[in-house]
Amino acid sequence: MLLSVLSSACNKAHPGYGNRQVSMSAHNTRIRIWDRPVRLFHWTLILLVALSYASGKSGAWSLHYISGYAILTLVLFRILWGFLGSENARFAHFLKSPWAALRQLTRLAKRDRDTETSHNPAGGWMVVVLLCLLLAQAMTGLFTNHDPGFSYSQHGPLALKVGEATQESLSAWHLAGQRYLVFAIALHVLAIMLYKLVKGHELVMPMLTGEKLLPEGAKAPRLASGRLALGVLLLAGAAVFLFIRLF
């Protein structure tokens with residue numbers, strides 16, 4: 001009853017208001033834009049980053065190294081998937097010029113309809129930044145020296161393969177990278193919140209369900225098979241295993 005009264009009042013104050021709302025919703029369609037491998041990668045990576053941070057702070061180094069191996073494998077998978085995977089997950093599809101990203105950010109306060117079937121220009125560059133930071137963290141972590149002169153478990157898995165000066169240098173990079181990574185993640189989360197609150201764009205649910213409500217006529221991206229994703233993941237895992245073994 002209350003909703004009917006409010007709707008009637010809006011229609012009287014703004015003729016055609018109700019029709020516009022119906023028109024916008026009537027011309028939307030639900031499209032599958034994210035494949036399952038990308039979604040599993042995204043949410044698993046979040047859990048692993050949290051685990052790495054907590055285990056590093058508590059000194060649980062064995063757990064820290066395991067999560068580091070897993071992160072390195074997932075990051076390598078995502079890089080390969082950016083060339084071999086689904087259409088909208090490929091770097092060539094969503095990476096635009098830096099100027100396109102800047103132009104988009106200047107329109108952040110403007111509320112408009114979401115038409116993206118992949119990462120938007122600014123989001124695409126954030127993906128690259130996060131992947132680079134995570135790759136740097138995982139790689140430098142292999143050579144870190146937590147407590148010189150103590151047991152092997154307090155060194156990175158490959159720390160004893162390099163000199164002490166190299167250990168110290170990479171350890172410093174690893175600690176600095178942690179701060180940069182936390183800052184980048186916070187910026188990423190803030191951007192998602194702003195897009196939801198200011199522009200009305202829902203970015204979280206599509207990464208959960210794979211589907212997104214887009215204007216009618218939007219072209220659904222071609223999604224790669226799960227078998228291909230499994231093969232790429234096994235390839236990434238084998239590459240990480242062989243690198244650590246052979247080094």
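What percentage of the 247 residues of the protein chain count as buried? The share is 35%, where buried means under 20% relative accessible area, exposed means over 50%, and partly exposed lies in between (1.4 Å probe, protein chains only). The structure is a predicted model, in which local features need pLDDT of at least 70 and side-chain atom pairs count only at pLDDT 80 or more, while totals for chains, interfaces and linings use all residues. Residues are numbered from 1 along each chain as its sequence is written, and side-chain values use heavy atoms, with hydrogens and water left out.

The protein chain contains 10 helices and 2 strands. Helices (H or I, at least four residues) and strands (E, at least two) are DSSP runs, numbered from the N terminus. In that direction, the order of elements is α-α-β-α-α-α-α-α-α-α-β-α. Of the contacts (heavy atoms within 4.5 Å) between residues at least 6 apart in sequence, 74% join residues at least 24 apart.

Helix 6, which spans residues 98–106, has A100, A101 and Q104 among its buried residues. These residues lie on the same side of helix 6 because they cover an arc of only 100° around the axis; the arc is that of the directions from the helix axis to the C-beta atoms. W99 and T106, on the other side of helix 6, are exposed. The buried residues of helix 6 pack against helix 7 and helix 8.

A residue of helix 7 that may be followed here is A122. Leaving aside neighbours within four places in sequence, A122 is in contact with A101, Q104 and L105. The C-alpha atoms of A122 and K96 are separated by 8.4 Å, although these residues are 26 residues apart along the chain.

The second largest pocket holds about 620 Å³ of space. On a 1 Å grid over the protein atoms alone, a pocket is an open set of points where a 1.4 Å probe fits, with protein on both sides within 12 Å along at least five of seven lines; lining residues have an atom within 4 Å of a point. Grid points are joined across faces, edges and corners, and the volume is the space filled by probe spheres set on the points. Of the 28 residues that line this pocket, S52, H64, Q137, H174 and Q178 are the closest to its centre. Helix 3 (36–58), helix 4 (61–84), helix 7 (121–141) and helix 8 (164–199) each supply at least two lining residues, and helix 8 gives the most, with 7 residues.
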